[in-house]
Amino acid sequence: MCFRTDIHWPSFLSRHDMLWKTKPISWDEGAFIGNGLLGAMIYSEEHRDQRHVLRFVLGRTDVTASRAGGAKNFPVRVPIGELALEMEGWIYQPCEIRIDLWNAEMRAFIPTTKGEVRLRALVHAISPVVFIELDADEGEQGAKMNWYAYPEVSPILKNADGVNLNQYIPETAVERSEERGISFGVQYYGRDEGSTTAWKFHDFGMVGEHKEDGENGAGYRRMCLLTVMNGVSDSDREKAGQELEGINISESGLNSWISAHRQWWHDYYPASFISIPDMQLESFYWIQMYKLASATRKDQLPIDNQGPWMTSTPWPGLWFNMNVQMSYSPIYAANRLELGQSLISSLRQNEKQLIHNVPEPFRSDSAGLGRSSSYDLNSPVDDEIGNLTWLLHNCWRHYRYSMDEELLRDFLYPLLRRSICLYMHLLEEGQDGRLHLPFMVSPEYGSFKQLTTRDSHYDLSLLRWGCETLLQASERHEIQDPLRARWNEVLARLTPLPVDPVAGYRIGKDLGLEFGHRHFSHLIAVFPLHIAGRSEEERTVAVRTLRHWIAMEGDLRGFSFTGAASIAAALGLGDEALGYLRTLMHLIKPNTMYKEAGPVIETPLAGAEAIQDMLLQSWGNLIRVFPAVPGEWQEAVIHNLRAEGGFLVSAVYKAGRTEFIRIHSLVGEPCRLLTDLIGLEQDFMIESQGNTPDYKIHGDQSIEIWLEPGEEAVIYAAGGRQPGEIAPIQAEPGMCNFFGGKKPWRLYGIPK
């Protein structure tokens, strides 16, 4: 049984392009471009002395500067300057700036008080090069681009997004030079650290003819190519120059170079597809898919708190008690596993450091990770024990969605074993005969008061999940591990999760939830670990905990609502999950970024996972199709979302129920589905390659289907419509291109 796909990607994504009708004037609403390493945030300024400037604030994720003071004062991300488009007149209105998602480029029409400028800009998908092309009319023929090292940036611009007094900015010496038509700017931070920027301008003069759409019309055409290297050596300078000299700037050469950039993105997007009847959330989701691939790549560094878009922040590095884990959370169901390789590679490359992070007596068998670090993962473990274990849960998800047995055997199993051994060194036997954990931190609860508790929910949950997972993995690979008996003993004797009869799960044995708590660390057993909430009794406790927690408004943040939405979805509460996501939308910036005292990228990315969780979940060896669709969504479409066990799932939901499901097995793992197509009073049809595959209905009304690698099955209601097509849901009038500039009136769906 076949079904059709009717997704015209350019037109579908165009309805989600970020769009500005007035100039963005802050990082919060800037247009962003990036390639996983190098990025730019594009915006302007309202001060009368800078109204003629459009800023390309540059960032490169691996440019850091060392501080004195040991591991807690780790090398931090630092600003690296910006490229400024300086026009003859002030930027006027109505301008138009668009992030073309399909082609991953910015296009703009900028009127000024003197003339007009048309722009396009991108960070090449494969080369670490920023490309900017402008066409200026006669009134703006003097428009020019200038690079400014960070110390040279106008204080008006530098302070536009505020100054964070906690942020380390190194003393910087700047050296400029020019060679072979390429300009170089080297910023020295000391200790042989710094960055080298190289740029090249080309003036084509007066070119083209006027066209109705304004694209590539007549004007004074100029181009800039710019790259940034991490380092200040002669070889860094040479490499930067070679990057620019390797680009053929003839018309055909540039077209070919840009075509390679576009092809990368055109191959990236169709890995999976979702469409929902809420245009704001659908747009938000697809911008996060763009943001993910702009923030990391399989051969780049892991996602830190900002991605390549550096600005004022107290968190210029990697944070491991939530941020990194949540940043990677949407890649698994989105079938974009290659992006997760950056996290796995970082852990592989720094395994010796992870061992060194634990106290010396434990290094023979243990490893760990403190709260924050630079990219070397040098972060000694203190009283927050579970961060590495949680990171390895992300890696476990990568394994379960790919079923890469080498990944499990050679990397995940030995490192997870070490992280759980650290816990086992700390276990204590209580007078009740149970095993207990000593005083530890539950992330983010009472941080300023430095509260600790015995038997924290966070650590008990991670320890239990780790022991269960190690047993499962050792059995799968027939590893006769001498610790198997100990893991079984821990599972049998570990003290239960502390529960309050009124408030639900406690922070720990000594701490109830007595004031606002931004983190869901006391609900991690429910999500993302999914080791609690399965029985009716556990579900009741989980629902009680969720609602008690989210009602204590004092310390909630954006990521509180992403966590709440995914928890609600895991409990089948679709309407509640939608409510939390809509609350999140009030905290998301106009360009879908998120900011507290500084930017933290994990919140919007985790919001994308929450949307996935409403449409597809796979945990506990069970794939749940449309498990938490809210009542007001009478339709939804998914295509090639990935599930645990290595399955690609496509499905259509219409008139409030599932119309059909296609499940494709990549590796031949056991396949068990829970769907409203299977029920006590529901007849269904199931087909595979024109035949009825072997299947079994279980007591929970799930269906187990036997599929070989490469086989697929289609399930649909008997007597209903046979599988039709995968196509986008009709756009909601007035709600397309929702994000970009500030549009508060659009919340009410006023038509254009």
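Contact, as used in this report, means heavy atoms within 4.5 Å. The model is predicted: local features need pLDDT of at least 70, side-chain atom pairs count only at pLDDT 80 or more, and totals for chains, interfaces and linings use all residues. Residues are numbered from 1 along each chain as its sequence is written, and side-chain values use heavy atoms, with hydrogens and water left out.

**Individual residues**

Tyrosine 188 lies in strand β15 (residues 182-190); strands (E, at least two residues) and helices (H or I, at least four) are DSSP runs, numbered from the N terminus. Leaving aside residues up to four places away in sequence, tyrosine 188 touches Glu171, Thr172, Ala173, Glu175, Glu193 and Val232. Its C-alpha atom is separated by 5.4 Å from that of threonine 172, which is 16 residues apart from tyrosine 188 along the chain.

Tyrosine 188 counts as partly exposed because its relative accessibility is 29%.

Glutamine 50 is found in the loop between β4 (38-43) and β5 (53-60). With 13% relative accessibility, glutamine 50 counts as buried. Not counting residues up to four places away in sequence, glutamine 50 touches Ser44, Glu45, Ser154, Ile156 and Leu157.

Histidine 356 is placed in helix α8 (residues 351-356) and, at 47% relative accessibility, counts as partly exposed. The C-alpha atoms of histidine 356 and asparagine 159 are separated by 39 Å, the two residues being 197 residues apart along the chain.

**Aromatic pairs**

Rings of Phe, Tyr and Trp (its six-membered ring) pair if their centres lie within 6.5 Å; planes under 30 degrees apart count as stacked, over 60 as edge-to-face and the rest as tilted. A search of the whole structure finds 30 such pairs. In one of them, the rings of tryptophan 9 and tryptophan 286 have centres 5.5 Å apart and planes at 75°, so this pair is edge-to-face. The pair links distant parts of the chain, since tryptophan 9 is in helix α1 (residues 9-14) and tryptophan 286 in helix α5 (residues 279-295), 277 residues apart. Tryptophan 9 is buried, with a relative accessible area of 10%, and tryptophan 286 is buried at 0% relative accessibility.

Tryptophan 396 and tyrosine 399 form a tilted aromatic pair, 5.2 Å centre to centre with 45° between the planes. These two residues are three residues apart in helix α9, so about one helical turn separates them. An α-helix has 3.6 residues a turn, so residues three or four places apart point the same way. Tryptophan 396 is buried at 7% relative accessibility, and tyrosine 399 is buried with a relative accessible area of 2%.

One aromatic cluster is formed by Phe32, Trp102, Trp264, Trp265, Tyr268, Tyr269, Tyr290 and Trp309.

**Helix α13**

The buried residues of α13 are Val541, Ala542, Val543, Thr545, Leu546, Trp549 and Ile550. They pack against β23 (499-500), β24 (504-505), α14 (558-570) and α15 (574-585).

**Cavities**

On a 1 Å grid over the protein atoms alone, a cavity is a set of points where a 1.4 Å probe fits but cannot get out, and lining residues have an atom within 4 Å of a point. Grid points are joined across faces, edges and corners, and a volume is the space filled by probe spheres set on the points. The structure holds three cavities of 30 Å³ or more. In the classes below, Ala, Val, Leu, Ile, Met, Phe, Trp, Tyr, Cys and Pro count as nonpolar, Asp, Glu, Lys and Arg as charged, and the others, Gly among them, as polar.

| Cavity | Volume | Lining by class |
|---|---|---|
| Largest cavity | about 100 Å³ | six nonpolar, seven polar, two charged residues |
| Second largest cavity | about 40 Å³ | eight nonpolar, one polar, no charged residues |

Of the 15 residues that line the largest cavity, Met326, Ser329, Phe527, Pro528 and Glu609 are the closest to its centre. At least two lining residues are supplied by each of α6 (323-327), α9 (387-402), α14 and α16 (602-615), and the largest share, four residues, comes from α9.

The second largest cavity is lined by Pro302, Leu318, Phe320, Val324, Leu343, Ser346, Leu347, Leu377 and Leu391. Helix α7 (residues 341-349) gives the largest share of this lining, three residues.

Methods:
Buried < 20%, exposed > 50% of the residue type's maximum accessible area, 1.4 Å probe, protein only. 1 Å grid on protein atoms, 1.4 Å probe; cavity = no way out; pocket = protein on both sides within 12 Å on 5 of 7 lines; lining within 4 Å.
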